[in-house]
Amino acid sequence: LEQLPLEPWRLEQTPVNKNGIMTQQLDIRFEPCHHHRHYRDILGLLQAADWPEQTLAITRRAFAALAEAEAAVHGCAIDEVHFHEVGALDSIIDICGVALALTDLEIDQVYVSDLPLSQGFVDCEHGRLPRPAPAAARLLTGFQLIPSDIRGETITPTGAALLHGCAAR
């Protein structure tokens with residue numbers, strides 16, 4: 001991840017108790033900034049990394065799927081897409097970190113169970129949107145979705161893009 005030409009960031013690992021089970025929480029720490037990145041900017045970041053082809057393929061598929069969904073939602077060409085929240089540093093590190101981990105662990109196939117749809121709204125750059133947000137909803141086409149009473153975000157655009165990047169079944 002350090003090969004990416006990004007603003008300064010660091011990972012913090014903290015032991016946490018989740019429902020009586022001890023685990024580790026990994027947080028990305030950085031100075032907040034209002035940074036929009038275009039799809040082509042993210043592709044440029046990926047070109048700067050000397051990563052295995054599997055890693056690059058996962059990241060390219062994830063960001064391409066996201067760019068296509070955003071272009072459809074906003075009615076623009078893919079080259080005009082600029083990411084707000086997903087262009088943020090933590091989303092880039094999330095997608096690239098998962099791709100690197102899958103490659104390092106030699107995982108070549110990802111399976112996904114039925115995905116729970118949450119209820120409610122999210123406030124973002126475009127105002128108040130239903131959950132899942134329009135781009136995330138578009139990315140979920142073709143996956144098995146189940147209703148849920150959960151209020152809060154269960155599937156982020158980053159997570160939905162990763163499903164495409166991993167070619168999840």
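Here's a quick briefing on how this protein is put together. The model is predicted, so keep its ground rules in mind: local features need pLDDT of at least 70, side-chain atom pairs count only at pLDDT 80 or more, and totals for chains, interfaces and linings use all residues. Residues are numbered from 1 along each chain as its sequence is written, and side-chain values use heavy atoms, with hydrogens and water left out.

**Overall build**

- The protein has five helices and eight strands; helices (H or I, at least four residues) and strands (E, at least two) are DSSP runs, numbered from the N terminus.
- Read from the N terminus, the order of elements is β-β-β-α-α-β-α-β-β-β-α-β-α.
- With a radius of gyration of 16 Å, close to the 15 Å that the globule rule gives for 169 residues, the protein is as compact as a globular protein of that length. That radius is taken over C-alpha atoms, and the globule rule is 2.2 Å times the number of residues to the power 0.38.
- Along the principal axes, the C-alpha atoms fill a box of roughly 45 × 40 × 35 Å.
- Of the contacts between residues at least 6 apart in sequence, 66% join residues at least 24 apart; a contact means heavy atoms within 4.5 Å.

- Buried residues make up 38% of the 169 residues. Buried means under 20% relative accessible area, exposed over 50%, and partly exposed in between (1.4 Å probe, protein chains only).
- The protein exposes about 9,800 Å², and carbon and sulfur atoms supply 51% of that. These areas come from the Shrake-Rupley method with a 1.4 Å probe; for residues, only the protein chains shown count as cover.

**The nonpolar core**

- In soluble globular proteins, nonpolar side chains tend to be buried together.
- The largest nonpolar core here has 36 residues, and the members touching the most others are Leu4, Leu6, Trp51, Phe63, Phe83, Ile92 and Leu139. A nonpolar core is a set of buried Ala, Val, Leu, Ile, Met, Phe, Trp, Tyr and Cys residues joined through side-chain atoms within 4.5 Å.
- Helices H1 (39–47), H2 (53–74), H3 (89–104), H4 (134–139) and H5 (157–165) are the elements giving two or more residues to this core.
- H2 supplies the largest share, eight residues.

**Helix H2**

- H2 has 22 residues and reaches 31 Å from its first C-alpha to its last, close to the 32 Å expected at 1.5 Å a residue. The expected span is 1.5 Å times one less than the number of residues in the helix.
- Its buried residues include Thr55, Leu56, Ile58, Thr59, Phe63 and Glu70.
- They pack against H1, strand S4 (82–83), H3, H4 and H5.
- Thr55 sits in H2 and has a relative accessible area of 0%.
- Leaving out residues up to four places away in sequence, Thr55 touches Ala99, Leu100 and Thr103.
- After H2 comes Gly75, whose phi is positive, near 65°.

**Helix H3**

- The 16 residues of H3 should span 22 Å, and its end C-alpha atoms are 22 Å apart, which agrees.
- Among the buried residues of H3 are Leu89, Ile92, Cys96, Ala99, Leu100 and Thr103.
- Their cover includes S1, strand S2 (21–30), S3, H1, H2 and H5.
- Glu106 follows H3, and its phi is positive, near 60°.

**Salt bridges**

- A search of the whole structure finds five salt bridges. A salt bridge is a side-chain nitrogen of Lys or Arg within 4 Å of a carboxyl oxygen of Asp or Glu.
- Glu7 pairs up with Arg37, their closest N and O atoms being 2.7 Å apart. Glu7 lies in the segment before strand S1 (9–18) and Arg37 in strand S3 (residues 37–38), so the pair ties together parts that are 30 residues apart in sequence. Both Glu7 and Arg37 are buried.
- Arg10 forms a salt bridge with Glu12, at 2.8 Å between the closest N and O atoms. Arg10 is partly exposed at 48% relative accessible area, and Glu12 is partly exposed at 26%.
- Arg29 and Asp27 meet in a salt bridge too (3.6 Å, N to O). Arg29 is partly exposed at 36%, whereas Asp27 is buried at 19%.
- Salt bridges that share partners join Arg10, Glu12, Asp27 and Arg29 into one network.
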